[in-house]
Each structure stands twice: as C-alpha cells, then as structure tokens.
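I opened my notebook today to look up a few things in a protein model. Here is what I wrote down, entry by entry.

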Amino acid sequence: MKPSLMRSTPVLLALCAASAFAAPPHEHGVGRLDVAVEHGRVTLLLEMPLDSLVGFEHAPRNAVEREAARAALAKLHDAARLWRVDAAAGCAAPTVEIGAGPIEAGEHGSHEPAHAHDDGDGHADAEASFSFECSAAERAAFVDTGLLESFPRLRTVNVQLATRQGQWKTLLTRPMTRLPLVR
Ligand SMILES: [Zn+2]
C-alpha cells in the first residue's frame, strides 16, 4: 500500500462511519421530513435523494439535464404548492432555503458542489427547509402537501414530528395529500 493511502484510509473510514451513523442509508424513492410545531412557528425540513428530485445525482451534463435541474429546483422552491399549513394556524408565506449540491452547482456554471451532501458513493441528497411564521402555530392540525405529486420518483417519506404533544413518527405515501400534525 502506498504511504499516501495508508495515511488517508483511516480518515476515510472514520468519515464513512460518521456519515452512516448520522443518517440512514440513502435509498432512492425514500425521503425524510422533520416537522416542528413550536410557538409562533412551523418548520419543515425535507431531505431526499437527488435521484428522487431530478432523476440523477451528478452535475447536469447537457441541455436536457440542465433543464431538468432547473425545473426540479423550481418545484422545490414552490412552497405554496408543496405545503399548505392548516389555515387555523395563521401562517405567512415561508422562508425557503435549499441545498441541492451538484445540480445547483451546474445551474451556476460551477463544477464545485455548493452544499452537496455526498455519502461518498456517488449519491447526493437535496435538502430544503421551509420556515413558517404563524400567529397560532399550535392550532395547526394538519399540513396539506403536494410533495408526492410534485416529485413522482419519490415513493415514501419518513416523517418525524415534534409538537407540544411530543414526538412521533409517521409515513407519507401515495395517495396521501394531508399530513396530520396531531395524534
Ligand atoms: Zn443516490
């Protein structure tokens, strides 16, 4: 083994172990959503394989892929279509933050992934946060969602909720379009 490999291997192993510990294995078609309802705010954190977002996980290589990336990012930015929080909560339009690694970089003409979460296997995830300021967040009983409609390659979303009622897990699958926020 070359000295350079001997030096780098333990570091790589440590990184892989840390990454495997931090997140479940990335499975195409399966996303993850964390929903928090707290005083004055409803927050949704979405993570999904780029494959489920756009059908590939590398920087766009041609005009067709660049257009696919542009369209997918536009859908991810379209908070009004993705999430409609129960009107009883009185939420304003959310603040949206998106990290989509290689496909964002491609859009900006750079080859350097900006916020890529790359698990080292050639896979990459998209992450998006939607933060709603609400006058009565605790009154939100549900979120209507167009997520599965917007992203046909997404089959299942593992949802974790945290509200005044505690924390629990649920699944979002077709044909569901409403995510309950109460138990
Ligand atoms: Zn992947």
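**Entry 1: the disulfide.** I began with the rule: a disulfide is a pair of cysteine sulfur atoms within 2.5 Å. By this rule I count one disulfide. It joins cysteine 91 to cysteine 134, with S to S at 2.1 Å. Cysteine 91 lies in the loop between S3 and strand S4 (95-99) and cysteine 134 in the loop between S6 and strand S7 (142-145), so the bond ties together parts that are 43 residues apart in sequence. Strands here are DSSP runs of E with at least two residues, numbered from the N terminus. The torsion about the S-S bond is about 100°, so I noted the disulfide as right-handed.

**A note on the model.** This is a predicted model, where local features need pLDDT of at least 70 and side-chain atom pairs count only at pLDDT 80 or more, while totals for chains, interfaces and linings use all residues. Residues are numbered from 1 along each chain as its sequence is written, and side-chain values use heavy atoms, with hydrogens and water left out.

**Entry 2: buried or exposed?** I used relative accessible area: buried is under 20%, exposed is over 50%, and partly exposed is in between (1.4 Å probe, protein chains only). Cysteine 91 is partly exposed at 25%, whereas cysteine 134 is buried at 7%.

**Entry 3: the aromatic pair.** Rings of Phe, Tyr and Trp (its six-membered ring) pair if their centres lie within 6.5 Å; planes under 30 degrees apart are stacked, over 60 edge-to-face, and the rest tilted. My search of the whole structure found one aromatic pair. The rings of tryptophan 83 and phenylalanine 130 have centres 5.7 Å apart and planes at 65°, so the pair is edge-to-face. Tryptophan 83 is in strand S3 (residues 83-85) and phenylalanine 130 in strand S6 (residues 124-133), so the pair ties together parts 47 residues apart in sequence. Tryptophan 83 is buried at 3%, and phenylalanine 130 is buried at 0%.

**Entry 4: the zinc ion.** Which residues are its protein donors? I listed His26 (NE2), His28 (NE2), Glu57 (OE), Glu57 (OE) and His123 (ND1), lying 1.8 to 2.5 Å from the zinc ion. Donors are N, O and S atoms within 2.8 Å of the metal (3.2 Å for Na, K and Ca); water is not among the atoms, so sites may look incomplete. In sequence the donor residues are spaced H-x1-H-x28-E-x65-H. Histidine 28 is partly exposed, at 30%.

Terms used. Helix = DSSP H or I, 4+ residues; strand = E, 2+ residues; numbered from the N terminus.
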